[in-house]
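Open the model in your viewer and keep the selection tool at hand. This tour goes stop by stop, with a few selections at each.

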Amino acid sequence: MGQVKHQRPPYGIIAVLMIGAFIAFLNNTLLNVALPSMMADLNVGPATIQWLTTGFMLVNGILIPTTAYLIQKYSVRRLFLVAMGLFTIGTIVAGTATIFPILLIARMVQASGSAIMMPVLNNVMLISFPIEKRGAAMGVFGLILMFAPAIGPTLSGWIVEHYNWRALFHFVTPIAATVFIIGFFLLKDKKDRVEMKLDSFSLLLSSVGFGGLLFGFSNAGENGWTSVMVTIPLVLGIISIVVLILRQLRLFEPMLNFRVYKYPMFALSSAITMITNMAMFSGMLLLPIYVQSLRGISPMDSGLMLLPGALANAFMSPINGRLFDKYGGRILAIIGLSILVVTTYFFSELTFETSYTSLMILHAIRMFGISMVFMPVSTNGLNQLPRKMYPHGVAVNNTLNQVAGAIGTAVMVTIMSSRQEVYTDRMIAAAGGTVTKIAEQQIKAKAMLEGINDAFYIATIFATISLVLSFFIKRSTPADEQLSQEQDAEKVRGKLAAE
């Protein structure tokens with residue numbers, strides 16, 4: 001353990017992995033602004049086009065749980081080349097697709113590469129840096145990954161305004177191909193042959209379980225909680241995950257080791273990041289609806305409004321990493337979550353007169369707070385795991401954060417929609433039951449605003465729960481080191497007793 005801890009980190013490998021991950025992340029955020037022009041060009045409706053996002057999430061939900069097995073079985077070089085190869089092929093096909101089914105398949109091929117890339121990079125970061133330098137390293141990792149969603153919407157808006165939506169994929173293709181070629185020549189790591197078998201029944205349970213949850217929650221916002229498109233996938237998903245957990249606990253070599261939850265700091269960090277994720281998605285989802293649908297602000301200006309917050313999140317990441325190494329995760333999480341609670345509450349008081357500048361500043365402060373939460377909290381949790389459990393901790397974290405994002409989106413849309421209906425009925429009843437068309441439009445806009453405010457209020461409650469949990473964070477010591485220290489102390493006590 002000591003030799004690994006102090007050897008020089010493989011900066012070349014990490015740099016190649018980070019560039020690959022950056023391109024994959026950038027591609028995800030490029031697509032959102034282009035969806036309306038894709039709908040027009042491919043002649044499909046909103047319910048169909050959203051599969052480009054839902055399908056991506058489903059492939060991630062199915063593949064990420066297998067990454068713990070893949071990381072233990074194969075070398076970083078092989079996994080990176082497969083992941084980047086799949087991503088590049090998917091990007092080329094997507095850029096040339098003329099019908100929606102081909103575009104969807106290409107998007108899912110992209111997702112299969114992206115799903116492998118992130119956990120591999122995360123695991124390399126954990127094993128390459130000693131615990132006292134891990135925060136700074138993860139901070140730089142955070143800067144690169146957060147910078148992609150920061151520039152994505154604005155860059156996408158500019159490309160779509162000046163070129164066809166296919167240019168988004170054509171823009172990424174040469175970069176992805178170059179990164180693949182660099183990785184082919186630069187990555188040289190070898191791995192001894194590992195005799196491990198993937199339990200096919202576990203893979204099936206995981207696919208149905210996490211895929212069902214993601215599919216069900218993704219559909220809930222649009223179709224309502226009572227729809228068979230929601231209830232059947234959710235029930236199947238929950239049953240499959242319960243069976244999956246029970247099976248993993250019995251297997252000698254589990255595909256996804258849920259014993260990571262016996263380490264209290266990991267369990268706590270997982271709960272905090274999931275709940276915070278649900279609160280964070282309120283801003284990502286509700287703010288664009290508010291500024292575009294109710295205030296008539298253009299998509300390009302909406303992207304620019306969110307840019308300072310995304311940049312603050314990105315550039316604070318390495319600073320927070322160094323602060324984490326020095327002071328630990330607890331104080332950062334408490335400050336960050338306090339900022340999140342206050343700013344989310346202010347967003348629950350939106351009016352038709354709230355200024356563009358106020359929205360930009362408030363969102364920037366909110367993202368500044370969020371930057372102090374995810375990396376420090378999750379790194380502190382992973383730090384408690386024994387080294388051999390890192391792949392499982394990373395896979396569990398990434399999978400559950402995907403699910404939390406889907407739950408957060410579904411809950412916020414449901415609250416907004418249901419409260420909007422309640423307010424609409426109330427206002428029409430207060431007006432005497434009959435209103436003119438213009439008055440009805442005004443009532444619906446006012447009701448939507450109140451629905452958005454209510455959803456932000458619920459997000460404030462989620463953030464408050466995370467804040468309370470953050471007071472229980474303690475600085476982690478790796479479990480295998482802790483055990484070694486306890487054994488050494490036991491030996492010393494034994495010697496003293498003998499003397």
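How are α7 and α17 oriented to each other: roughly parallel, roughly antiparallel, roughly perpendicular or oblique? Hold that thought for the first stop.

**Before you start**

This is a predicted model, in which local features need pLDDT of at least 70 and side-chain atom pairs count only at pLDDT 80 or more, while totals for chains, interfaces and linings use all residues. Residues are numbered from 1 along each chain as its sequence is written, and side-chain values use heavy atoms, with hydrogens and water left out.

**Stop 1: α7 and α17**

Select α7 (residues 100-128) and α17 (390-430). Helices here are DSSP runs (H or I, at least four residues), and strands are runs of E of at least two; both are numbered from the N terminus. The two helices pack at an angle of about 135°, with their axes 9 Å apart. Axes are lines fitted to C-alpha atoms, for helices over the stretch in contact, and angles run from 0 to 180 degrees between N-to-C directions. So α7 and α17 are oblique to each other. Angles under 35 degrees count as roughly parallel, over 145 as roughly antiparallel, 65 to 115 as roughly perpendicular and the rest as oblique.

The crossing of α7 and α17 is right-handed. That term applies if the near helix is turned clockwise from the far one by less than a right angle; anticlockwise is left-handed.

Now show side chains. On α7, pick Pro119, Asn122, Asn123, Leu126 and Ile127; on α17, pick Tyr390, Pro391, Val394 and Asn398. These residues make the contact, meaning heavy atoms within 4.5 Å. By class, there are 6 nonpolar, 3 polar and no charged residues. Nonpolar covers Ala, Val, Leu, Ile, Met, Phe, Trp, Tyr, Cys and Pro; charged covers Asp, Glu, Lys and Arg; the others, Gly among them, are polar.

Stay on Asn122. Is it buried or exposed? Asn122 is buried, at 11% relative accessible area. Buried means under 20%, exposed over 50%, and partly exposed in between (1.4 Å probe, protein chains only). Leaving aside neighbours within four places in sequence, Asn122 is in contact with Met138, Phe141, Val394 and Asn398.

**Stop 2**

Select Pro386, in the loop between α16 (374-383) and α17. Pro386 is buried too, at 10% relative accessibility. Then pick Ile458, 72 residues away along the chain. The C-alpha atoms of this pair are 37 Å apart.

**Stop 3: α2 and its partners**

Select α2 (residues 11-42) and α6 (residues 76-96). Their axes are 11 Å apart, at an angle of about 25°. That makes α2 roughly parallel to α6. The crossing is left-handed. From α2, the contact uses Ile13, Val16, Leu17, Gly20, Ile23, Ala24 and Asn27; from α6, Val76, Phe80, Met84 and Phe87. These divide into 9 nonpolar, 2 polar and no charged residues.

Look for Asn28, Leu31, Leu35 and Met38 of α2 against Leu52, Thr53 and Phe56 of α4. The count is 5 nonpolar, 2 polar and no charged.

Next, select Asn43, in the loop between α2 and α3 (46-49). Asn43 is exposed, with a relative accessible area of 70%. Check its backbone: phi is positive, about 60°, although Asn43 is not a glycine.

**Stop 4**

Select Asn313 in α13 (residues 299-327). Asn313 is buried, at 6% relative accessible area. Beyond four places in sequence, its contacts are Met146, Met367, Ile370 and Ser371.

Move to Ile339 in α14 (residues 329-347). Ile339 is buried at 18%. Not counting residues up to four places away, Ile339 touches Ile365, Phe368, Gly369 and Met372.

**Last stop: the whole chain**

Zoom out. The protein chain has 19 helices and 0 strands. Its C-alpha trace spans about 95 × 55 × 40 Å along the principal axes. Buried residues make up 54% of the 499. Among contacts between residues at least 6 apart in sequence, 85% join residues at least 24 apart.
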